[in-house]
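Welcome, and please take a moment to look over the model below.

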Amino acid sequence: MKKKLIYVAAMAFACMQLFAQANSQEARKLSLAFYAISNLYVDSTNTEKLVEDAITGMLEKLDPHSDYLDPQETKELNEPLQGNFDGIGIQFNMLTDTLYVIQVIPGRPSEKVGLMAGDRIIMVDDTLIAGVKMKNTDIMKRLRGQKGTEVRVKVKRGNDPELMEFRIIRDKIPVYSMDAAYMADHTTGYIKLNRFAASSATEFREAVDKLRRQGMKNLILDLQGNGGGYLNVAIDLADEFLSRGKLIVYTEGHTQPREDANATSRGDFQEGNLIILVDEGSASASEILAGAIQDWDRGLIVGRRTFGKGLVQKPIPLPDGSMIRLTVSRYYTPTGRSIQKPFENGNSKDYNQDLIERYNHGELMSADSIHFPDSMIYHTLINERVVYGGGGIMPDIFVPLDTTQSSAYHRRLIATGLINRAAMNYVDQHRAELNSRYANFEAYKQNFRVDDALLQDLINLATAEKIEYKEEEFNLSKNYISLQLKALIARDVYDMGEYFRIINDINPAYQRALEIINNNSLYQKELGY
């Protein structure tokens with residue numbers, strides 16, 4: 001403990017010294033405050049926490065995206081974006097407080113030793129994890145570990161009363177950023193990207209090659225709910241669509257000179273109709289890509305106004321594995337639009353309420369509720385179409401949030417995870433039947449129907465969770481609930497891509513995009529040709 005305090009104090013002193021070079025009066029003030037609290041305060045203090053709280057306090061006053069991450073948070077932040085982690089290679093969900101294997105990743109450790117979808121992991125090494133209300137994060141810590149190390153799991157399979165033991169050697173497990181890639185019709189491909197990770201550009205190119213072999217000429221790229229990721233990956237993907245020399249994005253800040261990112265000649269999808277789907281959950285890298293495509297009239301943006309996260313964070317690693325993510329500049333689209341929505345003195349509370357305010361003001365339901373001042377009007381670089389600044393990317397074609405089948409009862413089922421649980425229960429009980437009755441996904445999609453028994457099971461689950469059954473509300477949402485159940489069952493029996501092949505049947509932005517992309521005269525008209 002003494003060494004740790006010495007280290008923290010040394011770090012604090014070093015920071016003070018650096019700060020002193022810039023402004024000695026403020027540095028002395030900060031140093032005196034730290035000294036007074038750590039040495040004179042009435043109770044004992046945690047010196048490390050004092051330093052962390054001081055850093056956090058300073059960052060909170062700057063903007064909503066500058067922040068401090070402790071060593072564990074830093075690791076958890078980087079893992080999904082780096083494209084892999086060390087583990088056993090399964091996808092799982094918690095079903096009635098038991099880890100339920102949804103899929104084993106092909107070629108990875110769990111598949112190699114014979115673990116199967118539908119297995120329940122009861123013990124990890126000598127620790128019981130089933131029925132003890134253990135957190136998902138604690139379970140993952142036990143399953144993950146350094147490549148080459150061994151973990152023992154005991155599994156219940158089917159109705160077999162005996163637990164099966166597997167010894168699994170951990171390995172690198174890929175983290176994919178692409179949820180789906182399939183042909184939406186004979187000439188239109190669909191790609192769903194959930195984040196901009198290290199592997200995203202490679203995944204995208206491989207998907208385009210596969211879809212082209214199936215006849216793809218046009219593309220719908222779905223960035224709905226994509227919160228962003230690496231800037232260089234967004235630039236890399238934009239480069240696929242734009243010709244050499246075209247500006248993709250530039251960054252600029254008070255102490256950071258302007259830096260331009262331009263397209264190269266390597267783009268492999270510079271021809272063909274392109275539509276990008278966005279919504280209020282599309283942020284950062286998604287907005288960079290959408291903004292570049294819109295500004296150069298390369299394709300159409302369909303959906304709702306994006307989040308508006310256009311501040312650039314520079315990671316500043318600290319010696320103990322923690323990190324400061326400091327905002328150093330802003331993103332600007334090729335026309336000069338700032339992507340960042342307004343904020344006031346780092347007020348994260350108001351900032352985080354923005355999406356709720358959009359809903360309350362009717363923005364998600366009607367484009368007419370969105371008003372831009374004349375100062376926020378810009379023009380695209382080829383066809384001089386009107387586009388808007390002021391934060392986020394306003395789509396070329398607005399698609400309102402569909403609330404026609406929404407009800408309070410349905411929202412409670414979603415919020416409590418009961419629709420997902422009902423689907424998992426069904427797969428658990430009928431996996432063999434599903435595999436034998438439906439030879440492939442196409443047969444499943446065409447022929448499977450959610451029956452009344454499954455819907456009643458869902459209602460019973462809700463009642464057990466003290467969610468009062470509302471018949472009128474249930475009937476309003478019944479078709480939507482049935483399609484969600486069918487899509488979730490497909491995800492568990494097949495894979496994530498098949499989930500989207502079903503759920504997109506009720507995705508209004510997807511349906512609108514299909515309508516436009518297959519009508520070349522309408523597509524060209526919307527682009528201003």
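**How to read the model**

This is a predicted model, in which local features need pLDDT of at least 70 and side-chain atom pairs count only at pLDDT 80 or more, while totals for chains, interfaces and linings use all residues. Residues are numbered from 1 along each chain as its sequence is written, and side-chain values use heavy atoms, with hydrogens and water left out.

The mean pLDDT of the chain (the predictor's confidence in each residue, from 0 to 100) is 88, and 93% of the residues reach 70 or more. Residues 1–16 have a pLDDT below 50. Beyond near neighbours in sequence, this stretch makes 14 contacts in the model, a contact being heavy atoms within 4.5 Å. Where pLDDT is low, the predicted coordinates should not be read in detail.

Helices (H or I, at least four residues) and strands (E, at least two) are DSSP runs, numbered from the N terminus. Let us begin with helix H8, residues 231–239. Because 7 of its 9 residues are buried, H8 is largely enclosed by the rest of the structure. Buried here means under 20% relative accessible area, exposed means over 50%, and partly exposed lies in between (1.4 Å probe, protein chains only). The buried residues of H8 are Val233, Ala234, Ile235, Asp236, Leu237, Ala238 and Asp239. Their cover includes strands E11 (188–193), E13 (247–252) and E14 (259–262), along with helices H7 (200–213) and H9 (285–295).

Helix H9 is itself largely enclosed by the rest of the structure, because 11 of its 11 residues are buried. Among them are Glu287, Gln294 and Asp295, as well as Ile288 and Leu289. Just after H9, Asp297 takes a positive phi of about 55°.

H8 and H9 also pack against each other: Leu231, Ala234, Leu237 and Ala238 in H8 meet Ala285, Ile288 and Leu289 in H9. The residues of this contact divide into 7 nonpolar, no polar and no charged. In this count Ala, Val, Leu, Ile, Met, Phe, Trp, Tyr, Cys and Pro are nonpolar, Asp, Glu, Lys and Arg are charged, and the others, Gly among them, are polar.

**Helix pairs side by side**

Axes are lines fitted to C-alpha atoms, for helices over the stretch in contact, and angles run from 0 to 180 degrees between N-to-C directions.

| Helix pair | Axes come within | Crossing angle |
|---|---|---|
| H8 and H9 | 9 Å | roughly 25° |
| H13 (418–437) and H15 (452–464) | 9 Å | roughly 130° |
| H16 and H17 (496–503) | 7 Å | roughly 160° |

Angles under 35 degrees count as roughly parallel, over 145 as roughly antiparallel, 65 to 115 as roughly perpendicular and the rest as oblique. H8 is therefore roughly parallel to H9, H13 is oblique to H15, and H16 is roughly antiparallel to H17.

In H13, the residues Leu418, Ile419, Arg421, Ala422, Asn425 and Tyr426 meet Leu454, Leu458, Leu461 and Ala462 of H15. That contact has 8 nonpolar residues, 1 polar and 1 charged.

On the H16 side, Leu483, Gln484, Lys486, Ala487, Leu488, Ala490 and Arg491 meet Met496, Glu498, Tyr499, Ile502 and Ile503 in H17. Here the division is 8 nonpolar, 1 polar and 3 charged.

Most residues other than glycine have a negative phi. Asp125, however, has a positive phi near 55°. Asp125 sits in the loop between strand E5 (120–124) and strand E6 (127–128), and counts as partly exposed because its relative accessibility is 28%. Lys466 also has a positive phi, of about 65°. Lys466 lies in the loop between H15 and H16 (471–493) and, at 73% relative accessibility, counts as exposed.

Is Leu193 buried or exposed? Leu193, in strand E11, is buried, with a relative accessible area of 1%. Not counting residues up to four places away in sequence, Leu193 touches Ser177, Met178, Ser200, Asp222, Leu223, Asn226 and Leu237.

Finally, His65 is in the loop between helix H3 (47–60) and strand E1 (67–69). At 14% relative accessibility, His65 counts as buried.
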